[in-house]
Amino acid sequence: MPGLTGRMSTVVKAKISKVLDRAEDPAETLDYSYQKQLEQLQNVKKGIADVVTAKKRIQAQESGLQQQIVKLDTQARQALAAGRDDLARTALERKNVIQSELQSLDTQVTELEQQQESLTNSEQNLRTKIEQFRTKKEVIKAQYSAAEAQVRISEAATGVGDSMADVGLAMQRATDKTEQMKARASAVQELEAAGTFDDLTTLGSGEDDIDRQLRELSSTSAVDTEMEKLKAELGSGAAPAAGELAAGTPAEPAAPEAPVAAPPAQAPPSPAESAPTDSPKLTAVPDPESAPAPDASPQFEDSPSQSDAGA
């Protein structure tokens, strides 16, 4: 279990470090580091000020002790002059104590001065380092900004960036929608040409596609029936009159009759031969399948009989 716990801790720390590394901005990190160094510099300056303050206080105590030493020395002299040796001794004893304290304060002042000098040197070195770090920080930030701009330009030029990928996807979607709209427009035009859609703006009878198809079938059946009727009439063999065959068409003028030769006197004609030959003969009606158009004028023959021609 301890090994498993350590492994889980390592995995969690690695995941958190990866997330933080992704969210970290080098420029912001450098600025934060520079601010922390400035805070350290301010702390050093504050320490120097505290040392100087302590030194000044000790020096003020030294000044007071020196004044007391002068006073006690004067009092001892006055006591001796007055014949009071005991008072003079007491004053001198106090003077010696104060001198001992004054020497201790001198030692402390010396130590504080050394500490002040050390802090001052540290402050100067730290200030120099901070200035160097500030200059380097600005250079690094400029380089990072230039590299970031170069990356964005390269991604935009090559189309590998996220924004360009979104633009490419948007263009692809627009193209797909355009093609779909074109296909839909073509389908609507085809259905409209086929008559599938009804025009709702027209004030017609309101027939639908089924009614229209049935009407076309009825019209086709009527035409077929009439065609069959005409074929039956033409195939029955009945010769229609000239007016019926060429209704509405002007009749052609009749051909002039050919002269008939007079029969010889010695051979009287037979009753059959004496029949008039000037009547026109109607030609046979051709087959309906191979017959010409019904509007053609009928052809008549007006020729003498064979017996008359022989005579």
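Student: Let's start with charged pairs. How many salt bridges does the structure hold?

Tutor: The general idea is to look for a side-chain nitrogen of Lys or Arg within 4 Å of a carboxyl oxygen of Asp or Glu. In this predicted model, there are 9 salt bridges.

Student: Which residue forms a salt bridge with Asp73?

Tutor: Asp73 pairs with Arg77, and their closest N and O atoms are 3.1 Å apart. The two residues are 4 apart in helix 2, so about one helical turn separates them. Arg77 has a relative accessible area of 59%, which means that Arg77 is exposed, because the cut-off for exposed is over 50%.

Student: Where else can I see a pair like this, and what separates Glu131 and Arg134 along their helix?

Tutor: Turn to helix 3, which spans residues 85-158. The side chains of Glu131 and Arg134 meet there in a salt bridge, at 3.4 Å from N to O. About one helical turn separates them, because they are 3 residues apart in that helix. Glu131 is partly exposed at 37% relative accessibility, and Arg134 is partly exposed too, at 34%.

Student: Now Lys137: is it buried or exposed?

Tutor: Start from the number. Buried means under 20% relative accessible area, and Lys137 comes out at 4%, so Lys137 counts as buried. Lys137 forms a salt bridge with Glu138, with the closest N and O atoms 2.6 Å apart. Glu138, at 37% relative accessibility, is partly exposed.

Student: Which residues are linked with Lys137 and Glu138 in a network of salt bridges?

Tutor: Asp31 and Lys141 join Lys137 and Glu138 in that network.

Student: One more, please. Where is Asp50 found, and what separates its C-alpha atom from that of Leu112?

Tutor: Asp50 lies in helix 2, residues 26-81. Asp50 and Leu112 are 62 residues apart along the chain, and 9.9 Å separates their C-alpha atoms. Asp50 itself is partly exposed, at 46% relative accessibility.

Conventions
Residues numbered from 1 in each chain as written. Predicted model: local features only at pLDDT ≥ 70, side-chain atom pairs only at ≥ 80, totals over all residues. Heavy atoms only, no water. Buried < 20%, exposed > 50% of the residue type's maximum accessible area, 1.4 Å probe, protein only.
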